[in-house]
Amino acid sequence: MSSTIEITPIRSAVYRVEQRVRTFYEYVLQQKSALAASVESISVDDATYQIELAISFMKHYMELDSDGLTDTPQSNHRVIIDTRKSLFEILLDLHSSMRSTCVGFSVYFRGDHRKNYFVEKLLEYENFSFDADKLDIPQSSFEVAFCTMVVFDSGDLESATDVLAKAWVNCSVPWEIRNVLVQETVQEKFITLLESKLKPFLSDHVPCANAMVSAIEKANSTGLRVIRPEGNMPGPAVVYGSSVDFFLKPNAVQASPVVVLNVFRTPKEAISLANKSNGGSVSLWTEQLCLAMESAYAVEAQTVWVNTYARFNPAFPYSFRRDGNCYGSEYAIYEKKVKTVFVPSAEHSTNSAEKNKAAIKALGVLSDEVKNHRFAFVRNEKNVHYEVISTPYKIENYNENHKMQIVEDFWEKYVSIDSFDRNLLLDTVYNQRKTVVIPYGVSFAN
């Protein structure tokens, strides 16, 4: 199956906040199997994994204390959901939007036609009706997301190769490993270990079969080294000495199923390479604590795992795409209140830096708590160290190229009786967060 897709027509509905027998969280929980079977482009196992992970985040959203930032009855909200995203992202974009309003909204789905049945199944939830106003949404560019694995010579090569050998289990998540950087001094040992662990696919469902064959043929035709299981059975492939972009097709919605592998000499070079193209998330492998923390702080990604991969806790914010939504924590809810997807119109063909700047100014005075990044925190839960790092986000970035726009006349739509809510709202706009995840069981030596 191809990683490029046909753009589907817009599917719209109106969500109304009404007391029902079941919540949307309960609906998804009950319909999990039907939802997983409704997507033709990925395996049921992959779909089930994403839906179950989304449910764990939805459960956390349901357990959050109600915030004091309430929208007024006359508010007219609009939610745009791009179905080129993963099932995990689609479910949480929709549910966090629900949790951010006391009134409701019009919702518009557009993107991947292969998820039409999935969308239709979601819209069977009782609080949806089909009287939304018509809205034309032009086709837009889409940022492909993936994870970069960085393996230092001080890393546990056995564990890192164990993780990489399973990189094809879930092929449609935005944190799929598709880029690997290995320190030059251990590259051959790493490759030898990896070769011994790559096995042919056991299922008839070969992840992105056509794209895999095409990428391998392209690698072979250009003389690139391809690391694969022995024999002619379909299986995973790692290409030495190339880039993720080299295998991307026009209008791709996800990275090619092959993993690309390159080497670096020094930690400084590793960070430089990772910052050129890391796909949105990074998995670092080293048993030197200082190197781990220095690299985690230096790498330009908002989700960083150290000596682990794809470990999630919905109490913390995770992001996978530039200018995209975050998932987890209160930020996912507040973000939906103050930011909305920009939709071009005849009057405004591009996003406006000036309008966004004015909308931000109208939000109010920036407090010392937000200026000094006091919303950053460290927490230890279930033998895992989580650190949320806050850094300034330039207001100038909300320009014509940004996919999100700041809600205009915000305080005409919302009321608040709590300064904490206002601060968290401002923090969502003025700062960006990076979540670093480190399991306790790792042995560090310096």
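Modeller: Ser329 is buried, with a relative accessible area of 3%. Buried means under 20% relative accessible area; exposed is over 50%, and partly exposed lies in between (1.4 Å probe, protein chains only). This is a predicted model: local features need pLDDT of at least 70, side-chain atom pairs count only at pLDDT 80 or more, and totals for chains, interfaces and linings use all residues. Residues are numbered from 1 along each chain as its sequence is written, and side-chain values use heavy atoms, with hydrogens and water left out.

Ser329 belongs to helix 11, residues 329-338. Helices here are DSSP runs of H or I with at least four residues, strands are E runs of at least two, and both are numbered from the N terminus. The backbone at Ser329 has a positive phi of about 70°, although this residue is not a glycine.

The rest of helix 11 is mostly covered too, with nine of its ten residues buried. The buried set includes Tyr331, Tyr334 and Val338.

But Asn383 is exposed, with a relative accessible area of 55%. Asn383 sits in the loop between strand 16 (377-381) and strand 17 (384-392).

Cys326 comes next. Cys326 is buried, at 6% relative accessible area. A search of the whole structure finds zero disulfides, a disulfide being a pair of cysteine sulfur atoms within 2.5 Å. For Cys326, the nearest cysteine sulfur is that of Cys147, 18 Å away.

Now to strand 12, residues 303-306. Thr303 and Trp305 point one way from strand 12, while Val304 and Val306 point the other way. All of these residues are buried. Strand 12 pairs with strand 11 (residues 280-285) in the parallel sense, through four bridges. Two strands count as paired if DSSP finds at least two bridges between them. Val282 has Val304 as its bridge partner in strand 12. Strand 12 also runs parallel to strand 20 (residues 431-439), and three bridges join them. There, Thr303 is bridged to Thr435.

Which residues of helix 10 are buried? They are Leu291, Ala292, Ser295 and Ala296. These residues cover an arc of only 125° around the axis, which puts them on the same side of helix 10. The arc is that of the directions from the helix axis to the C-beta atoms. An α-helix has 3.6 residues a turn, so residues three or four places apart point the same way. The buried residues of helix 10 pack against helix 9 (267-276), strand 11, strand 12 and strand 20.

Ser242 is another buried serine, with a relative accessible area of 12%. Ser242 lies in the loop between strand 9 (238-240) and strand 10 (259-264). Leaving out residues up to four places away in sequence, Ser242 touches Leu224, Phe247, Val260, Leu261 and Asn262. Contact means heavy atoms within 4.5 Å. Leu224 is 18 residues from Ser242 along the chain, and their C-alpha atoms are 7.7 Å apart.

Ser345 is partly exposed, at 36% relative accessible area. The loop between strand 15 (339-341) and helix 12 (353-361) holds Ser345. Ser345 and Tyr398 are 53 residues apart in sequence, and 18 Å apart from C-alpha to C-alpha.

One last stop is Asp112, in the loop between strand 4 (104-110) and helix 5 (116-122). Asp112 counts as buried, at 1% relative accessibility. The Asp112 side chain reaches the backbone nitrogen of Arg114 at 2.9 Å. A polar contact is a pair of N or O atoms within 3.5 Å; within protein, one must be able to donate a hydrogen and the other to accept it, and residues adjacent in sequence count only if both atoms are side-chain atoms.
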